[in-house]
Amino acid sequence: MFKKLIDNAAARSPWLYHINAGSCNGCDIELVAVLTPRYDAERLGFKLAGTPRHADIVVVSGPVTVQSKDRVLRTIEQVPEPRVIVTLGSCPRSCNVFKGSYSVAGPLDKYVPIDVSIAGCAPKPEAIIDGLALATQILKEKREAMK
Amino acid sequence: MTYDVYMHFPVIAIMTLFVGAFLVTLVGKRQAARNAIAGAAVLVSLTLLALLIKPVMVDGEIIMYWMGNWEPVEGYAIGIAIEVDALSLFFGLLITIAVACSAFYSFQYIKQDDARGSFFTLYLMLSGGVLGIVLSGDLFNIYVMLEVMTFAAVGLTAFRTWNPNAREAAFKYLVVGSIGSTCALLGTALVYAQCHTLNLAQISAILPGELNPTTVLAFALLFTGFGCKSFMFPFHPIAADAHGAAPSSVSVLISGVFTKTGVYGIIRVCYFLFRSMGLSSVQIMLVVIGCISMFVCVTMALNQHDFKRLLAFHSISQIGYILTSLGLCTGLGIAGGLYHAINHTLFKGLLFLTAGSVLYATGTTYLENLGGLAKKMPKTTALFLIGAFSISGIPPFNGFYSKWIIYQATFEKAAETGSIGYALVTVVCVVTSVLTLASFIKVGHSVFFGQLRPELAEAKDPPLGMRIPMWILGGLCVFTGLFPNVMLDYIIIPATGAVFNAVPYIDTAMGEGYAAAHLASTSPFVTPNYTLLGGWDPLAWLVLFVVVLAAVFLCSLAGRSNRDVNCAPDSKHAVFFGGEEAQYSHISGGDLFWGFKHTMRRYLGFVSGAHTGVTNDYVLWGVTATAVIIAYCFAFML
Amino acid sequence: MEIMDFVKYAVYILIFPGALFTCVFGLWLAGVDRKVVARMQKRKGPPITQPAWDFLKLCGKEVIVPAGAARLMYMAAPYVGLVSLIVTVLFIPIGGLQAFSAGGDVVVVLYLLTIPTLALILGGSASGSPYAGVGASRTMVSVMAYELPLILVLLAVARAAGSHVTMDGYSILGATFSLEMITRVQELIGPLLFDWRLLPAAVAMLLVIPCEVGQHPFDVGEAETEICEGPLAEYSGAPLAVFKLSHAIKMFVMTALFCALFLGGIGTGMLWLDVVLALVFSTAVTLVCMTLLHAISARFRVEQLFKFFWTVVSGLALGSLLLVWFC
């Protein structure tokens, strides 16, 4: 019973950690917009965590520049299990307009498996909430898979 | 055993130490023999005094011993007396405990020093002098012992002669300390001129009746003399230098024991010789000096960058607590002050020994050069935490209990006298206690926690021989915190009773009825009243704590499966550094408490600017303090 | 008889008002706080059970111990803090129900309350993170900041209550530190909150509570946007859950202390009803001093916080003490 309760809790209290991997800041503003009174993601239990150690969901925006690659990977590694990696916007998936630049090491899925990607440049807040809600389900599955 | 046997114990306890001091030099270069002699001497005197607990503390006897059997003739006590009442025994016990622990610690600790030969001679001289002061029943004898103790302490401060700080500290100590000695000698001479006797008991019977300018001057001088020995404000800067520069096992003696003789002297002078504690002017003087010592020294301690200097300032701050509490002249006040005195000896001894261990393991006590030692020296860290919790007054450790009595006592005094000043004293005490906690957080963070400095990777816990004395002191800290009732019943309350009632002390020395014949009133100052005590039962708290801890622990077993036991130094287990590769970045002691330091910058700047480190300035402070105390006494006591 | 006593104390310690109840009620208070803040910001806000879900979720997360941490201290600190908080609750009278009077003394409670904060500081310090170092330093500054006004408030209350005590041969000298006595006095003369001389002290206490708890305008030590939640920066999983739980329980402890000091003695004579009433008061105090301040103010800087507490708040408390003493 205790385990079941904890498994259920995994989906109901997702804490986000947001990494900007060279984003143009468009997606970042939209992510913050999700927390505003209009969309209020907190009603689903979302909260922005201050450090990766507290996070369940890592949100990465930006095309993963050469400078940021190691930092992003290191930070993702420091998030305790179970964790879900969400890409925000087109950049982390495809490098978008930055593709081919000498300073871009992306896309992100070259380095880590991605659980949810939210498309758009920049994605609408509704889409972000939808993606995050999906991420909570994956989080719960991962938690159940843990021994 | 009978009284006839007991009466020889105090003098043997003192003489063993002095004889040991000379024997140590006779055995040549054999360090093991020196250690054996020193160890035997301190153990013998500890055992003898411990055996006196039953007759003196429990049965209320007073041990009287006339050196060479020179008993009083025709009402005049010419011979040198050794008189042990509960108060003397109280101080004797705490002295011998600290001396014994510190001596055993020194065996290992001074191994690398080159001047080992003279160490135990000076050490035992110091111990014997200190013990002589508290057990003696003769004012001039006290002065002699005071000098023996001071010069041994000066020698030990400069023990590491290669260290220029130690030489400087010893010089300052010598100069400023001589102000105190001079005052004490002058005061003694004036008292002798007035009473034609040097016996403490006889003086206490004759002197209080007539408070004339001569005796007031004598009082002021003796008070300053003993105050200087207890390093009260403004004599505190020399203490900081001396404690910081001396070897740690000697700092234990200077801080935990040496200062207590000053406190003992003040009690004897104020409560016995002159019976002046009934005057509110004397009470206010002690309380004000205590509060200033307390607050100024704790703020100075917050500013320090050296572990041992920081501890040194804290000892004066704690002496401030003791003086304040003794100045209240109430049952709770004396009990709190004495309790804090014994606690201070225990926890400050422990802290100095941990500082010594850090020095032994790393070669430095400079806070900025240390960090993360908890991983390398876990046992020392545990001991440090016991000491730090005790001094900061974290329940259920011992410092809390005595501080708590002091708060009760000050506030009770405020309510009794209707003066709001004493309520503010309570506030000062509490704030000082918080600042004490803050400065030990600073030490804990910058020495034991935080990141390990790469160059300290080789540090390790000190050998067993050094740890055992520390564990004894640590264990006593816990014991006196958890069983305050045992302490109160067997140690503190008999001693408090002795402070209030000088009559048995006088009658034992001079014959039955002597006090009644000479003193205007033989009634005690106040009848000690402990009704306010008892609202804090550490054992009940501990039981509850253990029960709840067990419950929480059982619950936490449910989540054990995902505990991470791997502690590999990979990037997952590295400290979060904003994504950067983790690198050495320790928040050192000097950077802590910025908000506090910034807000108080004017005050802190003024205080630390005033501590110039120049001997001339400190002498000026001392002389000024003497003058002010004399003027105060003349203005308000006559 | 002895078995009955044993059962009674077991219930006191483990269920009410001990471990289980404090945890549940603390989490409920934290939930109410978050919900009402959200409503004040025109948001829908999380469900009231949200802190409980957070707690459970954290229990199910992996626990990472940083390689540079002093392991024992790091793991023990949260549990010691939590347990000492729960034990503190047992000494505070809740609506006339005081489980144990052995430590029923305001100064003792004041000191017992520093243990959880100390655990937070030492735990953070032991993690080896520079963020935690800064956080520990800031937390300690906030402790220094609130301790001065808090002791002034306690002295004012002790004096005001003590001047009314003349009970059964117990010679009180115009002051009492006993929480039990303070509550009993209020049964005779009415809640101390309605004593005009103590109003400034009550206001000061209301400002001290959020600082002691580490709530929003005064949460310099755990500022998540500046220093990664300070001492908690490296904590994850169950130890973090325990710290969050301690934080929630602290809200309950502090509001219960406020109620005992200022709102005692309002009662119907029926014990269970009084207890419920006390819990309602606790919630109300939480809303006034934590939620309202959280919603309408921005975080203090650390030196502003210190200055604010040592001037304005201490001034209020000192004023109260003077009024009590001389009026």
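Two residues are in contact here if their C-beta atoms, placed from the backbone, lie within 7 Å. Hi everyone, and thanks for coming; please keep that cut-off in mind, and please also remember that this is a predicted model.

Let's start with a helix pair in chain B. Helix α6, residues 116-135, packs with helix α7, residues 139-157, at an angle of about 150°, and their axes are 8 Å apart. Angles over 145 degrees count as roughly antiparallel, so that is the label for α6(B) and α7(B). The crossing of α6(B) past α7(B) is left-handed. Who meets whom? From α6(B) we have B:Leu122, B:Tyr123, B:Met125, B:Leu126, B:Gly129, B:Val130, B:Gly132 and B:Ile133. Facing them in α7(B) are B:Ile142, B:Met145, B:Leu146, B:Val148, B:Met149, B:Ala152, B:Ala153, B:Gly155 and B:Leu156. Sorted by class, that contact has 14 nonpolar residues, three polar ones and no charged ones.

Now a second pair in chain B. Helix α12, residues 248-273, and helix α14, residues 307-327, pack at an angle of about 20°, with 11 Å between their axes. That angle makes α12(B) roughly parallel to α14(B), and their crossing is right-handed. On the α12(B) side, the contact is made by B:Ser251, B:Ser255, B:Thr259, B:Val263 and B:Ile267. From α14(B) come B:Lys308, B:Ala312, B:Ser315, B:Ile319, B:Ile322 and B:Leu326. The residues of the contact of α12(B) with α14(B) divide into six nonpolar, four polar and one charged.

Staying in chain B, how far apart are the end C-alpha atoms of helix α16, residues 378-392? They are 21 Å apart, which agrees with the 21 Å that its 15 residues should span at 1.5 Å a residue. This helix is mostly covered, with twelve of its 15 residues buried. Among the buried ones are B:Leu383, B:Phe384, B:Leu385, B:Ile386 and B:Phe389. What do the buried residues of α16(B) pack against? Their partners are α14, α15 (331-362), α17, α18 and α19 (464-482) of chain B. Just after the helix, B:Gly393 takes a positive phi of about 70°.

While we are on backbone angles, two residues in chain B have a positive phi without being glycines. One is B:His196, at about 55°, in the loop between α8 (164-195) and α9 (200-206). The other is B:Phe231, at about 60°, in the loop between α10 and α11. Are they buried or exposed? B:His196 counts as exposed because it has 11 C-beta neighbours inside 10 Å, whereas B:Phe231 is buried, with 29 other C-beta atoms within 10 Å.

That loop between α10 (213-229) and α11 (236-245) also holds B:Pro234, and the peptide bond joining B:Phe233 and B:Pro234 is cis, with omega about 0°. A:Ala122 sits in the loop between β5 (116-118) and α5 (125-145) of chain A.

Next, how do the chains meet? Between B and C, the contact takes 64 residues from chain B and 75 residues from chain C. On the chain B side, α17 (398-417), α18 (420-448), α23 (538-557) and α24 (594-599) each supply at least two residues. The most come from α18(B), with twelve residues. By class, this side of chain B has 40 nonpolar, 17 polar and seven charged residues.

Between A and B, the contact takes twelve residues from chain A and eight residues from chain B. Here α3(A) gives the most to the chain A side, with five residues. That side divides into four nonpolar, three polar and five charged residues.

Last stop, chain C. C:Val288 lies in helix α12, residues 271-296, and is partly exposed, with 14 other C-beta atoms within 10 Å. C:Val288 and C:Leu206 are 82 residues apart in sequence, yet 8.1 Å apart in space, C-alpha to C-alpha.

Note on methods: Residues numbered from 1 in each chain as written. Chains lettered and ligands numbered in written order. Predicted model: local features only at pLDDT ≥ 70, side-chain atom pairs only at ≥ 80, totals over all residues. Helix = DSSP H or I, 4+ residues; strand = E, 2+ residues; numbered from the N terminus. Nonpolar A, V, L, I, M, F, W, Y, C, P; charged D, E, K, R; others polar. Axes fitted to C-alpha atoms, helices over the stretch in contact; angles between N-to-C directions. Parallel < 35°, antiparallel > 145°, perpendicular 65-115°, else oblique. Left-handed = near helix turned anticlockwise from the far one by under 90°. Buried ≥ 20, exposed ≤ 12 C-beta atoms within 10 Å, placed from the backbone. Expected span 1.5 Å × (residues − 1).
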